[in-house]
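Hello,

Here is the structure I promised to pass on. Please open it first, then read the notes below.

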Amino acid sequence: MTNTQLISELKEAIIQGIPAKAVELANQIVLEKIDPVEAIEEGLKAGIAVVGDGFANGQLYLPDLVLSAETLKAASAILEAEIKRTGVKRNKNGKVILGTVRGDLHDIGKTILATLLTANGFDVIDLGVNIPAEVFIETIKREKPDVIGMSSLLTSTAKELANVIVKLKAEGMRDSVMVVVGGGAVTEAFARQIGADGFGQNAGLGVKQIKLLLGLE
Amino acid sequence: MSLEGFRCKNPYEILSKNEVEMIHQGSLEILSETGMTVDHEQSRKILEQGGCSVDHEKQLVKFPTDIVEWAIAQCPDSFFVRARNPDLTLHLGGEAIYFASFPGFTWLDPKTQIRRVATVEDCAKLVRLCDALPMVHTLCQPVAHLGDKPPEIELEWVHATELRNTDKTIMGTAFGGSSKWVVRMVEATDQQTLGGICISSPLVIPSDQAQGIIDYAVSGNPQMILSGPSKGATGPATMAGTLVLQNTEILGGIVLAQMANPGCGVLYTGYSTPMDMRYGTMASGAAEVGIMAVGTAQLARYYGMPSGVFYPMTDAKTPDPQAVFEKHLQTYLCATAGVNYIMPLGGLDNEGTHSPTQMVIDNEVCKMVGKVLEGIKVDREHLAIDLIKQVGPVPGNYLRTEHTRGHWQEEYLLSDVVVREEYNAWVLGGEKGILERAAEVAIHLMDTHEPNPLPPEADKELGKILLAAEKEKIGAVSGGAS
């Protein structure tokens with residue numbers, strides 16, 4: 001297979017959402033010393049963009065989107081490791097840390113947001129669910145993201161969003177990062193009240209909000 | 001003595017006996033091999049002492065089959081939820097069917113049709129509407145969120161407001177440690193509550209819910225143990241798979257409840273809804289929800305436990321045709337399937353909104369579904385053969401007979417809101433449809449209905465409990481008076 005063919009196969013594996021296939025192709029790309037940045041741009045990102053568009057147009061559904069995201073995650077781990085090893089630089093739209101706050105186990109909306117952000121060229125670190133404030137703070141210190149996105153579905157955990165912001169202030173880090181909140185329990189008024197920079201009612205609007213905050217739209 | 005409600009004598013079934021057995025066996029396999037995460041140390045210790053295998057570091061509990069079967073055998077086949085007013089006590093189980101109100105995060109004010117966050121005063125009016133409507137046999141809090149109280153104690157305030165404005169029974173909660181305070185409040189008002197416990201799918205008993213299971217079991221209050229995996233998201237995409245997971249999670253909760261207090265009353269309760277694969281929202285008005293209710297009732301009967309569902313629900317945002325057809329189909333299926341505890345009244349937008357206008361419409365739906373359950377009374381008097389012979393052919397008619405005057409009321413449903421007058425009368429009356437009429441009735445009842453008052457000493461006690469909750473949960477104290 002030529003380089004172009006390999007990358008195009010990788011793109012197809014992302015679109016089809018077949019992790020094992022994508023991992024195999026990513027390994028082969030590394031083995032044949034193909035530029036990993038090109039593989040990410042023309043393979044992974046191009047593939048997930050097709051899926052993101054299909055989802056936005058109503059031609060693809062959540063199971064398609066999520067399986068493609070899983071595939072992207074698996075392949076990108078291999079290619080990112082290669083980039084790190086070779087020390088190549090590349091441009092990204094921005095770095096976003098995502099997580100559902102402590103006490104809340106709701107995952108799906110945040111996962112959709114992570115996928116759409118990746119499709120839009122962001123570097124996304126998804127911490128998962130039930131994340132204590134301390135973990136958000138540590139990760140911000142380490143990763144220096146442009147944006148932190150927090151979600152809460154339960155009214156009983158919405159106050160934890162405020163708690164993270166209070167802790168950020170206490171650490172003197174509030175101005176170092178944009179804070180965007182969302183989830184079933186969050187309204188725009190609540191987001192303003194707790195001093196967040198932005199609010200996304202759903203994943204699509206969340207992407208829009210983050211782009212707006214970073215001056216990309 | 002207990003509240004009459006309705007009765008379902010020949011429940012509609014969807015699953016065969018063998019299919020029910022397959023679901024049960026699947027759950028036993030998952031409970032013993034995979035187990036559940038129990039995020040609560042005291043509960044894990046109770047489960048460990050009771051014979052479950054516990055990995056405290058991973059917070060994982062595995063439930064041996066003989067333990068699960070022991071717990072099922074402890075559950076009573078019926079139990080009471082004692083009301084302050086004995087005539088309003090629930091007797092859950094057997095053929096009994098009760099309807100309950102449904103909560104919202106916000107409420108849709110019938111005066112303005114604007115959705116907003118409730119204050120304590122709004123909440124009191126919403127509770128009085130529940131108190132006034134006859135089809136609300138029991139309450140789930142109409143709103144779960146108050147704009148004028150700190151979030152840490154809003155549920156405590158909601159429950160106190162319920163107890164102050166109705167003598168019907170209410171559902172308790174466990175979110176944010178509220179179970180401890182609900183238990184104290186119903187003790188102060190001399191009644192029981194039906195505790196509400198939500199398992200997190202897949203396979204997690206969160207810490208506040210585990211605490212709630214213990215609080216309600218130990219205090220002698222019955223509890224509904226709810227599981228609601230979302231088909232395709234937090235549960236398998238298939239209805240059978242989601243039923244297996246729902247059943248597994250309810251049984252896991254039941255084991256903890258029965259170990260905390262053997263023989264305590266548990267309402268086997270489902271709230272599974274499919275996830276919409278385009279929006280990622282819960283498609284709570286879907287037909288599958290009603291179908292799952294039938295399966296839920298069958299499983300509960302198989303175990304010899306009373307059943308409940310945390311719906312009927314709709315995804316409609318306003319009291320509109322979608323709200324009515326989605327909720328009516330589910331209400332009909334739940335009731336004819338023999339679900340003992342059904343929650344059709346007032347909900348919109350999948351728990352997003354509680355609507356007084358919708359409450360009044362749902363009150364009509366419940367009356368109609370109740371009428372279906374009552375069926376046709378057949379005896380010599382009701383067959384009216386002698387009467388038909390006596391009236392004979394036209395010009396005979398039945399309006400002028402004593403038989404009609406004696407029987408029509410027991411056989412008819414009258415309504416203040418359904419449009420039944422003839423066209424010209426409707427035009428002269430201002431061309432009002434069901435929405436306008438229901439809103440008028442709701443506003444009138446919210447503004448004027450007087451509930452059976454809470455004795456002053458109980459009211460005072462509720463104030464003290466609210467102060468104690470506030471002090472313990474947030475340290476500061478703002479006041480607990482009504």
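Does Cys52(B) count as buried or exposed? Cys52(B) counts as buried, because 24 C-beta neighbours lie inside 10 Å. The cut-offs are these: a residue is buried if 20 or more other C-beta atoms lie within 10 Å of its own, exposed if 12 or fewer, and partly exposed in between, with C-beta atoms placed from the backbone.

Some ground rules before the rest. This is a predicted model, in which local features need pLDDT of at least 70, side-chain atom pairs count only at pLDDT 80 or more, and totals for chains, interfaces and linings use all residues. Residues are numbered from 1 along each chain as its sequence is written, while chains are lettered from A and ligands numbered from 1 in the order in which they are written.

Confidence

The predictor gives the complex a pTM of 0.89 and an ipTM of 0.76. Chain B has a mean pLDDT of 96 (pLDDT is the predictor's confidence in each residue, from 0 to 100). In chain B, 99% of residues reach 70 or more.

More on Cys52(B)

Cys52(B) sits in the loop between α2 (41–49) and β3 (53–55) of chain B. Helices (H or I, at least four residues) and strands (E, at least two) are DSSP runs, numbered from the N terminus. Leaving aside neighbours within four places in sequence, Cys52(B) is in contact with Leu47(B), Val61(B), Lys62(B), Phe63(B), Pro64(B) and Ile67(B). Contact here means that the C-beta atoms of two residues, placed from the backbone, lie within 7 Å. Met1(B) is 51 residues from Cys52(B) along the chain, and their C-alpha atoms are separated by 39 Å.

Chain B overall

Chain B holds 17 helices and 17 strands. Its radius of gyration, 23 Å, is close to the 23 Å that the globule rule gives for 482 residues, so chain B is as compact as a globular protein of that length. That radius is taken over C-alpha atoms, and the rule is 2.2 Å times the number of residues to the power 0.38. The C-alpha trace spans about 85 × 60 × 50 Å along its principal axes. Of the 482 residues, 54% count as buried. Among contacts between residues at least 6 apart in sequence, 73% join residues at least 24 apart.

Chain B also has an open sheet of four strands, in the order β9-β8-β17-β16, with mixed pairing. Its edge strands, β9 (114–116) and β16 (347–348), each pair on one side only. Strands pair if DSSP finds at least two bridges between them. β8 (residues 106–109) and β17 (residues 353–354) run parallel and are joined by two bridges. Thr106(B) has Thr353(B) as its bridge partner in β17(B).

Domains

The bounds come from an automatic or database domain assignment. Chain B is divided into domain 1 (6–14 + 72–374) and domain 2 (380–411). Their C-alpha centres lie 43 Å apart. Chain A is given domain 1 (3–86) and domain 2 (95–213). There, 26 Å separate the C-alpha centres. Nine residues of domain 1 of chain A are in contact with eight residues of domain 2 of chain A. On the domain 1 side, α3 (36–56) and α4 (62–86) of chain A give two or more residues. α3(A) gives the most, with five residues.

Between the chains

The contact takes 12 residues from chain A and 12 residues from chain B. The chain B side divides into seven nonpolar, four polar and one charged. Ala, Val, Leu, Ile, Met, Phe, Trp, Tyr, Cys and Pro count as nonpolar, Asp, Glu, Lys and Arg as charged, and the others, Gly among them, as polar.

Best wishes
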